[in-house]
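Please open the structure in your viewer and keep the selection panel handy. We will go from stop to stop, picking residues as we go.

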Amino acid sequence: MRGKKGWLAGLLIGITLPALAQFDTAPPSRTPRPALATMATTEAAYRIDGARHIYLNHPERIHDGLLPPFLHAIAGVRTTIDAHGRVSRIEITREPAVAREVLPWIERLIRAAEPYPRPPAGLDTVRWDEIWLIDRSGRFQLHTLSEGQQQAPDSPDDDTDDEDEKGAAGAPSGPGR
């Protein structure tokens, strides 16, 4: 019995550790790409500029194409940028249900992308809310620029639901039938 439990524990750790390891590593040291001037006139419009800036600074971490049907983590983050394009505050507005190890990883990615485009004219600071969609490999998309998500495979129970709707005789059920 002890051997089976030890084997099972080892298997679970082996499956979990690779999923966690990529979130422990800091982004590679490099010179941040210069911030492009924003064309935004409002905080809402700046959201696209902020997301594009993160993508430009972390191209190796962007998930190309549709995201898988089951994500490793989803996190909501509010980022405040000061008048010089520096991050003045990062707030987690939605924590992942399980994969909390991504939170410091997200913060490192956000800070590594400084400086950001300066706030729109007339604003001393700008803040934007973003949803981070992260797969198991450590690649992500931001909701603002997301390409969407693959459909989950149909479950075997889906076929029985269709038959239940038709009724026992195979005819559609409902009023007047």
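The tour below visits some aromatic rings, then a helix, then a set of strands.

Keep in mind that this is a predicted model.

**Stop 1: the aromatic rings.** Begin by selecting Tyr55, Trp105, Trp132 and Phe140, which together make up one aromatic cluster. Across the whole structure, a search turns up five aromatic pairs. One of them joins Trp105 and Phe140 edge-to-face, with 6.1 Å from centre to centre and 85° between the planes. Trp105 belongs to helix α3 (residues 102-112) and Phe140 to strand β4 (residues 140-142), so this pair ties together parts that are 35 residues apart in sequence. Now colour by accessibility: Trp105 has 1% relative accessibility and counts as buried, and Phe140, at 0%, counts as buried too.

**Stop 2: strand β1 and its partners.** Next, select residues 73-81, strand β1; seven of its nine residues are buried. Which strand is joined to β1 by nine bridges? That is β3 (residues 126-134), running antiparallel to β1.

Then show β2 (residues 87-94), which pairs with β1 in the antiparallel sense through six bridges. Here Arg78 stands opposite Glu91. Finish at the hairpin that β1 and β2 form, with five residues between them; Gly85 in the turn has a positive phi of about 85°.

Definitions and conventions
Residues are numbered from 1 along each chain as its sequence is written. This is a predicted model: local features need pLDDT of at least 70, side-chain atom pairs count only at pLDDT 80 or more; totals for chains, interfaces and linings use all residues. Side-chain values use heavy atoms; hydrogens and water are left out. Rings of Phe, Tyr and Trp (its six-membered ring) pair if their centres lie within 6.5 Å; planes under 30 degrees apart count as stacked, over 60 as edge-to-face and the rest as tilted. Helices (H or I, at least four residues) and strands (E, at least two) are DSSP runs, numbered from the N terminus. Buried means under 20% relative accessible area, exposed over 50%, partly exposed in between (1.4 Å probe, protein chains only). Two strands pair if DSSP finds at least two bridges between them.
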